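Please look at the sequence and the model before reading on.

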Amino acid sequence: MSATLDKAAAENFPVAPAFLPRAWRDGLTAVYGYARLVDDIGDGDLAPGGHDAVLLGLDPAAVDDRLAMLDAFEADLRRVFGGTDGPPRHPLLQALQPVVRTHGLTPEPFLALIEANRQDQRVARYETYADLVGYCELSANPVGRLVLSLTGTSTPERIRRSDAVCTALQIVEHVQDVAEDLGRDRIYLPAEDLRRFHVTEAQLAAPSAGASVRSLIAFETERARELLNEGTPLVGSVHGRLRLLLAGFVGGGRAALRAVTAAGFDVLPGPPKPTKSGLLREVAAVLRTAPRKG
């Protein structure tokens, strides 16, 4: 469990910073742990030994059967929401249950994250940008919606802005992780864009990016920036410490995009990462410029 939560430090944005109220931090940590574990199941990144499979009632060897693990994890999630066969078995879901009850969370966003990882087992390429956005609706947007639910601030307009931010952050991650994703035989850059910029899969496997790949990455970077800008008014629609948290999400995305740009859009040697000072500058800029509403 701690190994899963330790991965929070590698994110582009703060997951549950210390300035938040304890109840929010506990809720965000539980939600992050859930999302991280689902991704680890889908990516085959669970700790060796099959302990997670045993916790979910499977044979240890089933840890390598990602669809079976996702099915078992969904069954355990349903126990969080009052399944008939007892309490949840996995410690991360046991930690999630009081958060669900306290905040009246519904199963839909949690189920969407599982479905995104099922899709990762079936779909390794995305033909169009619309297809990729559809994937982000499962893999990223539920997290933002959960943040709004945990903080009691959901409105239709905020959900719309949050979806834009979360889709942008997911695309940023895909841009940073082109080489790592290809190592898993996944390409999240839309095939229509690869054709537009005359990029082949072999070029994505090169040690460094040529001009056509850099042009493609610059295009996807700008796309993500536009989405972040569309979602930024979300920050100005809330107050206090939540405003700081959401500025952290947006600023983290902007800092990651700036790092990609500073690398000359060559993401193939490894994901360009923002510095801590760069992140803080971007967060401060978001706080200065996000229009205040409400």
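**Basis of the report**

A residue is buried under 20% relative accessible area, exposed over 50% and partly exposed in between, with a 1.4 Å probe and protein chains only. The model is predicted, so local features need pLDDT of at least 70, side-chain atom pairs count only at pLDDT 80 or more, and totals for chains, interfaces and linings use all residues. Residues are numbered from 1 along each chain as its sequence is written, and side-chain values use heavy atoms, leaving out hydrogens and water.

Leucine 92 belongs to helix H5 (residues 91-103); helices are DSSP runs of H or I with at least four residues, numbered from the N terminus. Leucine 92 counts as buried because its relative accessibility is 4%. Its C-alpha atom is separated by 8.3 Å from that of leucine 37, 55 residues apart along the chain.

Aspartate 76, in helix H4 (residues 66-80), is likewise buried, at 0% relative accessibility. Leaving aside residues up to four places away in sequence, aspartate 76 touches Leu56, Pro87, Pro88, Arg89, His90 and Leu93, where contact means heavy atoms within 4.5 Å.

**One face of helix H13**

In helix H13, the buried residues are Val213, Leu216, Ile217, Glu220, Thr221, Arg223, Ala224, Leu227, Leu228 and Gly231. Seen down the axis of H13, these buried residues fall within an arc of 160 degrees, so they line one face of the helix; the arc is that of the directions from the helix axis to the C-beta atoms.

Conventions
Helices (H or I, at least four residues) and strands (E, at least two) are DSSP runs, numbered from the N terminus.
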